[in-house]
Amino acid sequence: MSRFFDELETRSEDQRSADLSDALPRQMSRAKALPGFADALADIDPASIASIEALASLPVLRKSELGAAQKANGPLGGFADLSNPNLVHVFQSPGPIYEPGGQSSDWFRFGRVLHAVGIGSDDIVQNCFSYHLTPAGMMFESGARAVGAKVLPAGVGQTEMQVRAAADIGTTAYAGTPDYLKVILDKAEEMGEKLAISKATVGGGALFPSLRKEYADRGITCLQGYGTADLGSIAYESDAMEGMIIDEGVIVEIVTPGTGTPVAPGEVGEVVVTTLNPDYPLVRFATGDLSAVLPGQSPCGRTNMRIKGWMGRADQTAKIKGMFVRPEQVAALVAKHDEISKARVIATRSGEMDVMTVQIESPAGDADAYGASVADALKLKGKVEIVAPGSLPKDGIVIEDLRKYD
């Protein structure tokens, strides 16, 4: 089995940049032709968007906007063309939000996720992701086909039947949430069955180090993949287990939550993804997840950018004094003043009352000068504290809720 899924994984920085400058304008042309992007990209020349830096000039597309467009304009909201013969599925995720699925080989790009953990043509994958309405089951199904593996489409639940099938068929690999594999293994021990599972690719939840170690102690290599129903695969672990390597079919930016502004290298921010999938060309789609770029290249030999993995949610909306305060409002506050580099809202309690403190990075020393701007942007009055530029934590948090209700 080859160490790498394909030659894309080991491209030089120059080659990767050249390939992107060719692929990105073509993808922008596809997106601009769709009614969903009619307003956002109306004045954009696709040829001018040929790099990650150029993408930063475009607006961010949020899931709430996608949902609103679907309610107004049909199941895909004008962001994909259902008459496209390559689109053969429509999935439903909570919301509801609808996503397309295509029939071309490895449409969701999970083949490289399975390959990274060593799954190949000699394996039978017990796919414990749901095949019901949501696309997760099909994502890993198509990935297994891409690496030549057979699939037991097990889905979720009925653990005794899962154990029986795994033992009878001799499944060698698992795909599913991190914790459900332990449920299967523990049930197998209870039933007196020894399973042949030695590889696992997991997603949809946190893989805690203690759980990974337990699997390793049982002789199972377990690596994580990171993806969404809308975008397919975004990043994945390799055997180096140093961060997650960005998939070759997407472009990832890390931005300040509530904005489209890229953070400084290494800072925590929201994961924003542009997909190169020609059938569903989402541009600067905000995942709502927090992460940070991990510097350098993976020791495994793959050369694409790495992120640190899932680090929380970017949607930090808090209700303070009966009013919702959102990251977008904090970003609007920063944008009102050229001298403000960053702001952070802190919600606390004093007695039975909510207290809002707004910390502002500014060389100016007069907190009162920002009172009106705070009230205008956040729709609430609060205490303003001026802090030195660069002193606020670089953790991606713009609204910190410290209130306790117990």
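A: Happy to! By class, four nonpolar, three polar and two charged residues line the largest cavity; Ala, Val, Leu, Ile, Met, Phe, Trp, Tyr, Cys and Pro count as nonpolar, Asp, Glu, Lys and Arg as charged, and the others, Gly among them, as polar. This is a predicted model, where local features need pLDDT of at least 70 and side-chain atom pairs pLDDT 80 or more, while totals for chains, interfaces and linings use all residues. Numbering starts from 1 along each chain as its sequence is written, and side-chain values use heavy atoms, without hydrogens and water.

Q: Which residues line the largest cavity?

A: The lining is Trp107, Phe108, Arg109, Asp230, Leu231, Gly232, Thr275, Asn277 and Tyr280. A cavity here is a set of points on a 1 Å grid over the protein atoms alone where a 1.4 Å probe fits but cannot get out, and lining residues have an atom within 4 Å of a point.

Q: What volume does the largest cavity have?

A: About 50 Å³, taken as the space filled by probe spheres set on the points, with grid points joined across faces, edges and corners. The count is one cavity of 30 Å³ or more.

Q: OK, helices now. At what angle do H6 and H7 pack?

A: Helix H6 (residues 159-169) packs on H7 at about 75°, with the axes 9 Å apart. Axes are lines fitted to C-alpha atoms over the stretch in contact, and angles run from 0 to 180 degrees between N-to-C directions. Helices are DSSP runs (H or I, at least four residues), numbered from the N terminus. H6 is therefore roughly perpendicular to H7, as angles under 35 degrees count as roughly parallel, over 145 as roughly antiparallel, 65 to 115 as roughly perpendicular and the rest as oblique.

Q: And what about H7 with H8?

A: H7 (residues 180-191) and H8 (residues 209-217) pack at about 40°, axes 11 Å apart, so the two are oblique to each other. The contact (heavy atoms within 4.5 Å) is made by Leu181, Lys182 and Leu185 of H7 and Leu211, Glu214 and Tyr215 of H8. Those residues divide into four nonpolar, no polar and two charged.

Q: Last pair: how do H9 and H10 pack?

A: H9 (residues 327-335) and H10 (residues 371-378) pack at about 145°, with axes 9 Å apart. Gln329, Val330 and Leu333 of H9 meet Ser373, Val374, Ala377 and Leu378 of H10.

Notes
On a 1 Å grid over the protein atoms alone, a cavity is a set of points where a 1.4 Å probe fits but cannot get out, and a pocket is an open set with protein on both sides within 12 Å along at least five of seven lines; lining residues have an atom within 4 Å of a point.
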